[in-house]
Amino acid sequence: MNETSTTRVGTGMALPDGLLALIPDYLAHQRWFSGSGTPELGSLHVVDAGELAVTAGGWHQLLWAIVSVDSPTGGEAPPPAALGEADEPDAADAAAAGSGDGPTGAPAARYQLLIGARPNGERAEFLNGHEPSVLGSVGDRYYYDATVDSEMSLAWLQVITESAVAADRVRPVTAEQSNTSLVYDDRLIAKIFRRLHEGPNPDIEVTEALAGVDFAHVAEPVAVWRSGATDLAFVQRFLVGGTEGWALALTSLRDLYSVRPDDPREAGGDFAHEASRLGRMTAEMHLAMAQAFGVDRDRFRTDGWPGVLDEVEEQLRAVVGAAYSGSAEHLLDQLRTVVDPGPAIRTHGDYHLGQVMRTDTGWFVLDFEGEPARGMAERTAFTSPFKDVTGMLRSLQYATHFALLEREQHEQEELSVLADVWERHNREAFLDGYFATPGILALLPSGPDDRAAVTLAFELQKALYELAYEQAYRPGWVAIPEAAIQRILAGSYGGPDG
Amino acid sequence: MNPISSFQGDPQWYRTATFYEILVRGFYDANNDGTGDLPGVIAKLDYLQWLGVDCLWLLPFYQSPLRDGGYDISDFFTILPEYGQLADVVELVEEAHKRGIRVIADLVMNHTSDQHPWFLESRRDRTNPKADWYVWSDDDQRWPDARVIFVDTEKSNWAYDPVRGQYYWHRFFSHQPDLNFDNPEVAEAMLDVVRFWLDLGLDGFRLDAVPYLFERDGTNGENLIESHEYLKRMRKEVDNDFPGRVLLAEANQWPEDVVDYFGDGDECHMCFHFPVMPRLFMAIRREQRYPITEILGRTPAIPEGCQWGIFLRNHDELTLEMVTDDERDYMYKEYATDPRMKRNIGIARRLRPLVDNDRRVAELLHALLFSLPGSPILYYGDEIGMGDNIYLGDRDSVRTPMQWSPDRNAGFSRADFAQLYLPPLMDPVYGYQANNVEAQMRDPSSMLHWTKRMLEVRKRHPVFGTGSFEVISTENPSVLAYVRRECDDWTDGDAVLGVFNLSRLAQPAELPLQQYQGATPIELLGRVRFPRVGELPYFVTVAPYGFYWFQMVDQ
């Protein structure tokens, strides 16, 4: 599919009289609205608006608008996901809301609206059960969120691709929190960005770049819709029937805990072959990133690496306190002896089992938005490929624990031994797949000891971050990063033997 | 010779046919000498008709010193005496045709036995009429890139013949010298062999080892264009003089390379699809469909009028080594290193022992075999769930006598037990006393009756043979679902949805069937109507190792 890219030119149209007054209440009920409570009408401004399409012989209208909402705090953080819902603290629920606007209060948050209009009295069964999607009635028409109306959604697709792309059916995907996603014909998925930011959306930027260098494991871009410098929507191939890596890993663990073979390789649901493929795909992703965005051979050594070590030391001191002068200090001393921590590349930035998807034709990587908690500059900065590698390794440990918590209390201690074995087995498989990929060593530190050291440092950094998060939001999970940190300090965490 | 009965009918019959592979020596012994024979096969044609198979594939029955199971042929025009004589073949073909069953036979083109008169003459000296019928050389240096196939026993593709004082080329065993197809006499001679048997009424051939016919400098001697051209020539002659006969190629290659043997629909009618078979086993072991969907995803489309031959087991070991290429396929590496699968490579196992005798898994595999794209080829005995005897040595383990009854020698032969070519299975699990055709015919719940029923249902829906194939991807990796359709629009023509649970646990699945909205699925075995497909993904639950075949009806 050739990708289309269209730009919405602002029309400066005004919204129909009275419609603006309906918007604050509507916004307050949307999951993607990051403000708290109902905004004051006076704080709302229409940045741009227009009519995208008319359908049903002119009776139905598809309206589009960007509204900005003044807010003293620039929006609040949504609460963290309930226990068991998210796999990791890196989910979008972490820390401050939005991104790209900086850590302190932003002037105004901008939101994209798609509004359908129908004549009063006309029935719309699709609105049943979608009360928050209804804005209300003004004059002779009523207004609603157009993305719940398949007629509007199908029209929207045609408009934004200038009729290059069309579909027969559409359904919304309900899992999304920060965007609105629509699946067309089980073939395409459109992400409509609700909270808008200046500058290129990293998910679009990276997906296009990787597809451009023929990296096969991203869902191909089909269309991009922008207004000026702002990305409004992204249409990609839909990975129908795909299974998240997290779900697949859990299936393997559940099988293992039920069957309890002596060797996880004997378990039918052995995940290691998939872990190995994941390793390889990760390396290919890094090679593609290097090809698309370049390689920086100095920055990480002079800048990034010392920063990582400083951060690790600071947090480790805070955690172990007086005991720092033992194994912790020794470890840091060793890490500081690394001369060449390797080059830096553009990385995925938020890499874990929830970001990869297994389809009938192989693994795919999703979501290049980067870590939601970090600012845009940080998210797109170059760093060591080991950041992604260790993100996945940490995810493997989390999976073992998550599945363990499903078991009866009395079984958990006994099964934790198996959990450990599974983790090492799959960690090894992942790393084997990664290091065996031709060409990857050129993006890594040249010495195997240095590679092991850098991996360890990133793992420690991640585990310390997780520890702080779990202490604050999920105390029952503190044991996971604690165990990892203890293992690392005890020197018994196998690094890669690349 | 008696008038030949030729089978009239649909020239593309093989696209919807079910095949049944028979080891002649192991099927039925009519003259009680301890070895199965052709009159024995004739005697069991009623059974095969009852079972519902459409075409028999007979393993080589030609004169042979039997140093390679009959694939070392010493006379293409004579039957191995233990099996009978030429008239038996004629009668077999006639009797089979009367019952609506076709017959194809193995044909080895690439080489002959070193006992073949052609070779005995060729080796005598360098000037005799057959001197150029084989590939001779003063040294053994030529074509170094051609791999040795039987690495366990052969060190080289060249063997020295002291009589002629030269080396001769052999891609297989050293007692199987390769014929020289660059010699027009050889090319013609092989066409004569083909014509001879088709004249007798045979419905086609399984062409053994076709990738190796020709050799050229600077190549690996496999899949050369000259080999394809020769096959096309053969196809043209067959189409001209013997329409409706089938050429089934045995090319142990990756699907992307096997398709070359279909040509543009002007070469072989059918080819075996080798890689799908181990992946069926792997998918069940892993309880994930990906091994299956991945290999079918990379199987190219084939020309109009062509067909894949698919199978679960055959007379050889679980063959992987000929379709491997480590870089191209993770699956092989995983399969080979998987501790439970490793035990099976290189050792021939029958289907039932391979699945630990789980009848549900055996049924599931057959349900897949009968509905995946291609024409299924059953191995004799799998319809009654026959076992194997690994202590007999690798390939013999799957070639034990067909188990007909609880009588002595499994009802296979009235010879002395000691005379039998191989002992029948007598263990408590698979032994013939309990596991035999007679008992299973009496037992309505038997594997035999189940297989017959499935073949009946399959026959009523030609779409299984000729339809398109589309995977319906669902989030539950243990569930495999696909649709076979006659037409682009499912409301015209037949459309069948297959849903398969590859797991030992019951599974739910939501199938994205929105493009079939409005269809009423009717389960094919029981004709029970299921809820109509609506706007939302279609929810199904499937029992452990269960499956559904749904006809999608527009009502």
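What is the mean pLDDT of chain B, and what percentage of its residues reach 70 or more?

A: Residues are numbered from 1 along each chain as its sequence is written, chains are lettered from A and ligands numbered from 1 in the order in which they are written, and side-chain values use heavy atoms, with hydrogens and water left out.

Confidence comes first. pLDDT is the predictor's confidence in each residue, from 0 to 100. Chain B has a mean of 91, and 92% of its residues reach 70 or more. Residues 1-5 of chain B stay under 50. Where pLDDT is low, the predicted coordinates should not be read in detail. For the complex, the predictor gives an ipTM of 0.79 and a pTM of 0.87.

Now strand 3 of chain A. Strands here are DSSP runs of E, at least two residues, and helices are runs of H or I, at least four, numbered from the N terminus.

Strand 3 has two partners to consider. Two strands pair if DSSP finds at least two bridges between them. Strand 2 of chain A, residues 44-55, runs antiparallel to strand 3 and is joined to strand 3 by 10 bridges. Within that pair, A:Trp64 of strand 3 faces A:Gly50. Four residues lie between the strands of this hairpin, where A:Ala56 takes a positive phi near 50 degrees. Strand 4 of chain A, residues 108-119, also pairs with strand 3 in the antiparallel sense, over 10 bridges. There, A:Ala65 has A:Leu113 as its bridge partner.

For reference, chain B has its own open sheet. Three strands form it in the order 6-8-7, with antiparallel pairing. Strand 6 (136-137) and strand 7 (158-161) of chain B are its edges, each pairing on one side only. Two bridges join strand 6 of chain B to strand 8, residues 166-169, and the two run antiparallel. B:Ser137 sits opposite B:Tyr167 of strand 8.

How values were computed: Predicted model: local features only at pLDDT ≥ 70, side-chain atom pairs only at ≥ 80, totals over all residues. Contact = heavy atoms within 4.5 Å.
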